[in-house]
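User: I would like a close look at one part of this protein. Please keep it brisk and tie the pieces together.

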Amino acid sequence: MPRGLRVAAAASWRLLVVAGLLYAVGRIAVVLSELVISLGVALLLAALLAPLVDRLDRLGVPRTLATVLALLLGLVAVGGVLAFVIATVINGLPGLQDQAAHTVESIHRWLRQGPLRLSQGQLDEVVQRVADLLRGGQGSFTAGALSTAGTLLSLASGLLLSLFTLIFFLRDGRPIWRFVLRVCVPGHVRARVDRAGRRAFSSLVAYVRASAAVALMDAVGIGVGCAAVGVPLAPALAALVFLGAFVPYVGAMITGSIAVVMALVTTGPLSAIIVLAVVVGVMQLEGHVLQPLLLGHAVRLHPLAVVLGISAGFLGGGVAGAVFAVPAVALLNAGVRGLVEPEDAEEAEPEEAAEPGGAPEEAERAADEEPGPEERSAPGGSGSGGSGPDPD
């Protein structure tokens with residue numbers, strides 16, 4: 001057989017084996033989707049809070065107390081944003097009712113006196129048809145409400161699992177990581193895999209920070225647009241956009257749609273069109289500039305890889321796939337680079353932890369590994385505890 005054909009056949013069956021493995025992993029992830037999503041959310045939150053926990057740990061705060069403080073700070077931040085949104089809506093509700101009534105009256109007058117010239121009888125007929133449609137779909141609405149209740153229950157259980165997992169990621173990240181290394185990785189490559197894991201988690205930390213920057217820019221853009229055209233509750237709408245923008249594309253679009261509806265109900269169709277143009281412009285800026293450049297720079301991925309990763313994740317796993325696509329690609333990219341690059345080419349690592357709960361220090365890692373040249377030359381920080389080789 002020609003050598004080219006033999007090489008092509010050898011490469012093909014290996015690619016088929018890899019594709020089969022990826023397909024099997026994907027099927028397992030679909031079956032265990034709730035568990036996988038909960039663990040993914042916990043890992044992303046660990047990347048957000050682990051630097052704070054490590055900093056408190058270095059200041060002498062017990063790790064359990066540092067974990068509790070970081071969680072409380074995160075809950076206070078999210079709860080504060082939600083409380084601000086709810087309080088703003090409640091305080092502005094009387095004005096919203098007056099503006100909505102005025103807008104409905106203006107639309108009614110436009111329908112009767114505008115180009116359509118609808119009579120009162122025609123308007124009453126339209127209202128009656130809408131009422132009949134709502135009554136006819138009552139059974140569907142009931143089934144949809146039951147389905148929504150089940151979805152909310154599943155979401156609540158997933159959030160509890162994520163919170164429970166996050167606590168142990170932050171508090172016991174070092175022992176968990178050392179256990180995984182000791183059980184799953186041979187001793188002669190353990191230091192290299194440890195370096196790859198630390199790089200991967202550092203890349204995830206950078207991704208979370210870049211996502212927060214993108215969400216902030218989306219919130220500022222849509223909030224300023226709403227305030228410029230006189231839409232009430234513009235700060236609350238901006239806060240909603242900030243929370244929703246952590247879901248790439250879809251989140252900002254949904255929360256931006258709420259701003260468009262608010263503009264239509266309170267200030268009229270022209271303001272709604274302007275707000276819609278602002279939301280579309282912000283979405284285009286996010287999709288073509290912010291996501292590829294900021295996220296790509298933070299996780300050291302080409303902008304094309306970011307766009308293709310988000311698109312593939314959305315097509316394969318919906319919203320959840322879009323959320324986890326880029327961090328998964330970033331983890332793989334940083335991990336593979338850490339495995340294949342020589343040790344003397346390692347770049348300076350950030351201060352943050354390199355795995356959930358912090359990077360294992362040199363002495364801690366040496367306590368769980370067989371001493372050897374790899375361990376003595378492995379990069380890592382200095383720390384107390386453990387029984388590793390004497391640096392002298």
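Predicted model: local features only at pLDDT ≥ 70, side-chain atom pairs only at ≥ 80, totals over all residues.

In what order do the elements of the protein run from the N terminus on?

Analyst: From the N terminus on, the elements run α-α-α-α-α-α-α-α-α-α-α-α-α. The secondary structure comes to 13 helices and zero strands. The protein has 392 residues, and 34% of them are buried. Take contacts between residues at least 6 apart in sequence: 71% of them join residues at least 24 apart.

Now α2 and its packing. On the α2 side, the contact is made by L43, L44, A46, A47, L48, A50 and P51. On the α7 side, it is made by F201, L204, V205, Y207, V208 and R209. By class, the contact holds twelve nonpolar residues, no polar residues and one charged residue.

Next, the core. In soluble globular proteins, nonpolar side chains tend to be buried together. The largest nonpolar core here has 29 residues. Within this core, L166, L170 and Y207 touch the most other members. The elements that give two or more residues to the core are α2, α3 (63-113), α5 (138-171), α7 and α11 (303-340). Of these, α2 gives the most, with eight residues.

Y207 connects the two topics. It belongs to the α7 side of the contact with α2, and it is one of the core residues that touch the most other members. Leaving aside its neighbours within four places in sequence, Y207 is in contact with L44, L295, V299, V323, V326 and P327. Among these partners, L44 also belongs to the α2 side of the helix contact. There is also a second, separate core of 24 residues, which includes V85, A234, M262 and V282.

Side chains of opposite charge can pair when their charged atoms come close. A search of the whole structure finds five salt bridges. D57 is partly exposed, with a relative accessible area of 26%. R63 is buried, at 14%. The cut-off for buried is under 20% relative accessible area, so R63 falls on the buried side.

D57 has another partner. R174 forms a salt bridge with D57, and the closest N and O atoms are 3.5 Å apart. This pair links distant parts of the chain. R174 sits in helix α6 (residues 173-184) and D57 in helix α2, 117 residues apart. R174 is buried, with a relative accessible area of 15%. D54, D57, R63 and R174 are linked in a network of salt bridges.

One more pair deserves a mention. The side chains of R171 and D172 meet in a salt bridge, again at 2.9 Å, N to O. R171 is partly exposed, with a relative accessible area of 32%.

Definitions and conventions: Residues numbered from 1 in each chain as written. Heavy atoms only, no water. Contact = heavy atoms within 4.5 Å. Helix = DSSP H or I, 4+ residues; strand = E, 2+ residues; numbered from the N terminus. Nonpolar A, V, L, I, M, F, W, Y, C, P; charged D, E, K, R; others polar. Core = buried A, V, L, I, M, F, W, Y, C linked by side-chain atoms within 4.5 Å. Buried < 20%, exposed > 50% of the residue type's maximum accessible area, 1.4 Å probe, protein only. Salt bridge = Lys/Arg side-chain N within 4 Å of Asp/Glu carboxyl O.
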